Structure formats: structure tokens, C-alpha cells
Amino acid sequence: MAVSSFARAFPSFECRSDPDFSRPEIPSAGCGGFSGKSQSAILRGGAAAHGLSSLILRFPPNFVRQLSNKARRNCSNIGVAQVVAASWSNNQGASGSTPAAKAVDAALAAVAPVEIETGVEDVVPAAEDPSLNAENVQPEGLPLFKYASFLNSDGSVAIHAGERLGRGIVTDAITTPVVNTSAYFFKKTADLIDFKEKRSTSFEYGRYGNYTTVVAEEKISALEGAESTILMASGMCVSTVMLMALVPAGGHLVTTTDCYRKTRVFIENFLPKMGITATVIDPADIGGLESALENNNVALFFTESPTNPFLRCVDIEKVSKLCHAKGALVCIDGTFATPLNQKALALGADIVVQSATKYIGGHNDVLAGSISGPEKLISTVRNLHHVLGGALNPNAAYLIIRGMKTLHLRLQQQNSTAQRMAEILEAHPKISRVYYPGLASHPEHHLAKKQMNGFGGVVSFEVDGDLLITAKFVDALRIPYIAPSFGGCESIVDQPAIMSYWDLSPSERAKYGIMDNLVRFSFGVEDFEDLKADILQALEKI
């Protein structure tokens, strides 16, 4: 049982977590504040007679609320600390010379610590509690100095006090702290040399790693079943760095027709500058993969599964066996599946990448990408990543950590809503076709059931109409946002012909299977009945 240390210094007060609002408030004096006389009565112990132990105390904003270190150690209850702060403010105004911290330290020293019976554990008096010893916040090996011994300016003290000579290491916080730093220091030159000669470890520089980011990476590794994971600034950052790191100059890769457009652009327009060529096959074309492996020195087979936007599925186990027999690596982009719906590494893939912007982050508020796999391969990618940059901001890493804690809950809702809505849409007369792996009509439905635990929250479908009719349907929707992403708590809808391919002519879009009436709907975690009603009312308007 946690007991406020304030009770040790002022035994007449009882710190309560659930105040009784039926008791009368303390009368205020002057401008809504407490007079010095009334506060003195409180501190002398007369408060118990007035029921102060269960009141919420209010103070005007002009009170001094800065506590000395000793006061903070002995007044963990913030309400009580404010009482003391108010007293200091008035006393200072009267005397004009006694420093606040000294006044409170003297008051605390005059009261003997009180042992408290908790029935659970012994309470260590404040003066004897080793966890409150200021020496314990100093990193090992650093001497204790008075700042005044070498810092003569308030400006210098403001920069270094509480940090340069050591700071508390947070080990009991429930949430992971955000480490905002661009570099890491060494205590002395010998430590730097130890690091350079690999006798000790350090990130050294912010681009090479961050403690907050490592927590997120370890979470993803655990979910993917991977030895190692790197988080980068975006999903595209991960894909491009991976391709450049694992496909040698002059090498060859195999990819699939249905994929994220910017991935295709990089493969078609940028990799050729490095002499890298590609064979593009249908996601289900096993014969095409075998032919490419036979006729080319293939370094990598890279595909999404499910794919974007038609949610095609690749037989990960089969293609992995074929590629490994020819010495080629297999990388699966599992963004539409997530590590919960599909374990690509367990199915035989060498590497799995995710746009953590989507389901993993899950709140439409962060950009990030991850790549997971065996340490040997990930180290190769990491070496190039350290050169190119693209480091994830630690605040973004924190958002990824936070988002992952509800991933399984969100995904359960999104899987369920998407499956039920896909079935409703498939039966609707104003929908000509639905693309969803959970439907028996999907070309890889049996494969999806074999290698996936759920089919995701995205459903693509074609409206029975042209570009303008489809746009009218999209505009009639009231819940989803029109935006180019998916996987978040909020539902999102887009018309790919406009959102992603508007710069191409209808005939050019058709080469990629993108018809004017195609809609991609990412279901969020809103109530199913609300989403159903919204979609049906929008269909009624076309």
C-alpha cells in the first residue's frame, strides 16, 4: 500500500484519493487566497477539526510552487505541496528576505518522521530511505561536484544542472520514456576508445539508434518471430533501402504486377540506374517465377501479400522453396496483413517489411516502416541505412509503441467489420465486384485461409458506374475520410483512379487494372452498424 510521505511530516493530515465533497470548504481571505494566519493554523495541526483531510484545496495562480529537493522528497502529495507553497509565498511577502526553500526545510526538520502502520509493508522514514539519496542519481564513475565550483553563470547552470553530472534513470515508469537526443556522450576518452575497439557498446549518434526506438523494434521482432528489426522513417524508406542493400549492382529481382505504385516507380525508374533489372509476374504465376529464376541470376523476389489494392495473395511457402533452391532471397511486404494476421517468416520468407504507418501505428498519426529478419541480413540493410539516413524520430517510435498495445484489439474489430461488409457489398446490386481474401469468390481464398489468421480491414470493390458515379458515392459517405492511407482507427476511403493514378490516362491506368469505378475502403474501429448504414445510404444516392 502506497502511503504519502507527507503524513510523516504533518501527522494531523490524512491524504485521501477520494475526497468527501460534502464537507465545508475552508474560508478564503483576500483575493480568494489563504491568509498567513489561516495557513499557520493549518500547519499547526488545527486542520483536523475542520475536516481538511478530505477537502480539495484550491489556490490562485500567483502562488510560488517551486519546492526544494528536500521538500519534494518529503511531500509527494501535490495538494499538500501546494499548501506549503502557498505558505512560503505569504511568508516571503511578509519578511521579504527568507528564501522559500530554507523556510520549508527548517519546518520539515522540526517535525520528527512518523512511522505509519500499513498492514502490508514497512514504511521507511524519509530521512532513511536510500532511494531518496541524491547520490543515487549519479551515473557510476562520475564524482559529485557542486555546480558553483565550476559554473559561475546562471546560463551555464540552466544548461547543465540536473544533467551534466548525472540524472535519475527512469526504471519504474509504466510507459517507455522518449529519448530525444541527437548524440550520446562518453564519460572519458578511454570509454570512447573502448567503444571504437568494440569492447563496449553505444549508439554514438542519433542516426545509428535510439533507446525508445529499440523498444519498438523489439516488439515488432517478437510479433514477426524475427532475430532483428530496423525501424525507419517510412515504409518506402524501408523498401528502397532494402532493395539497394540486397540486390547488387547489375543484379535482377522478381516482383508482382499488383503493388504499391511508388514501389513500382522505384523499381522501374531508379533501380535501372544501378544496372538492376526486374521481371514482373502475376502474384499467382508460379510458372513465371520458375522461368525468371531459371533464366536470370535472381537476387530477390519481392512482393506484397496481400497486394495493393486488389488484395491478391502469394503462396509464401511455395515461392520461398523455389527461390531458395536457386539462391534467391524472399521479401514479403506484409502491411495489409500485419504480423498478427500473417507470419511471413514462419512460412519461409527471409525478410518481412511493414509500413508501420498503417495498422501497427494504427492511429493515422505517425510515419514509419520496419524490416525484420535474421540478424545477418538485417545488418546488411542496417549498414546502408546508417549511411543514407532515414532514421525514425524517437517521438514517432513512442507512437508506434503505444499503437502496438492495441493492435490486436483494433485488428479483431477491423477483420470482423471488413468480412461482414465484404459479404454485404458482394450481394448489393450496385456493386459489380468485390476484392477481399475472406470471400470464397477471391482467386486466392483457399490460400489465404491456409496462411492467414484474418483477412484485414481493407476491402476493394467496383461500383456499377463510371468515374463520376463512383465519385458521387464516395462523396455521399459521411463517416470515412477521403485520404490515401489505411489501417487506422478512423475509416478511410479513396478512389485509386483519382487518388493514386490521376496523372495517367484511363488506358494507362487500365494496364495496372485500375478502373475508374474502383474503390478502396479501409475500415476503422467504428461500430459496424454505423459503417453499414453509412455505406448503404451512400449507395442509395447513386
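The model is a predicted one, in which local features need pLDDT of at least 70 and side-chain atom pairs count only at pLDDT 80 or more, while totals for chains, interfaces and linings use all residues. Residues are numbered from 1 along each chain as its sequence is written, and side-chain values use heavy atoms, with hydrogens and water left out. Helices (H or I, at least four residues) and strands (E, at least two) are DSSP runs, numbered from the N terminus.

**Backbone features**

- A cis peptide bond also joins S305 and P306, with omega of about -5 degrees.
- P306 lies in the loop between β4 and α12 (316-325).
- E204, a residue other than glycine, has a positive phi, near 70 degrees.
- The loop between α7 (189-196) and α8 (211-224) holds E204.
- Most residues other than glycine have a negative phi, and most peptide bonds are trans.

**Packing of helix α9**

- Helix α9 (residues 235-246) and helix α10 (residues 261-270) have axes that come within 11 Å and cross at roughly 25 degrees; axes are lines fitted to C-alpha atoms, for helices over the stretch in contact, and angles run from 0 to 180 degrees between N-to-C directions.
- α9 is therefore roughly parallel to α10, since angles under 35 degrees count as roughly parallel, over 145 as roughly antiparallel, 65 to 115 as roughly perpendicular and the rest as oblique.
- Contact (heavy atoms within 4.5 Å) is made by M236, T240, L243 and M244 of α9 and by K262, T263, F266 and I267 of α10.
- This contact of α9 with α10 has 5 nonpolar, 2 polar and 1 charged residues; Ala, Val, Leu, Ile, Met, Phe, Trp, Tyr, Cys and Pro count as nonpolar, Asp, Glu, Lys and Arg as charged, and the others, Gly among them, as polar.
- α9 also packs with helix α14 (residues 375-388), at an angle of about 115 degrees and with axes 9 Å apart.
- That angle makes α9 roughly perpendicular to α14.
- On the α9 side, V241, M242, M244, A245 and L246 make the contact, and on the α14 side L377, T380, V381, L384, H385 and L388 do.
- The contact of α9 with α14 comprises 9 nonpolar, 2 polar and no charged residues.

**Packing of helices α16 and α21**

- Helix α16 (residues 407-426) packs with helix α21 (residues 528-540) at an angle of about 30 degrees, their axes being 10 Å apart.
- α16 is thus roughly parallel to α21.
- Q413, T417, R420, M421, I424 and L425 of α16 meet F528, E529, L531, K532, I535, L536 and L539 of α21.
- The contact of α16 with α21 includes 8 nonpolar, 2 polar and 3 charged residues.

**Cavities**

- The whole structure contains 2 cavities of 30 Å³ or more.
- The second largest cavity has a volume of about 40 Å³, and T255, C259, T263, F302, T303, E304 and D333 line it.
- Strand β4 (residues 298-304) supplies the largest share of this lining, 3 residues.
- By class, the lining of the second largest cavity has 2 nonpolar, 3 polar and 2 charged residues.
- On a 1 Å grid over the protein atoms alone, a cavity is a set of points where a 1.4 Å probe fits but cannot get out, and lining residues have an atom within 4 Å of a point.
- Grid points are joined across faces, edges and corners, and a volume is the space filled by probe spheres set on the points.

Key: On a 1 Å grid over the protein atoms alone, a cavity is a set of points where a 1.4 Å probe fits but cannot get out, and a pocket is an open set with protein on both sides within 12 Å along at least five of seven lines; lining residues have an atom within 4 Å of a point.
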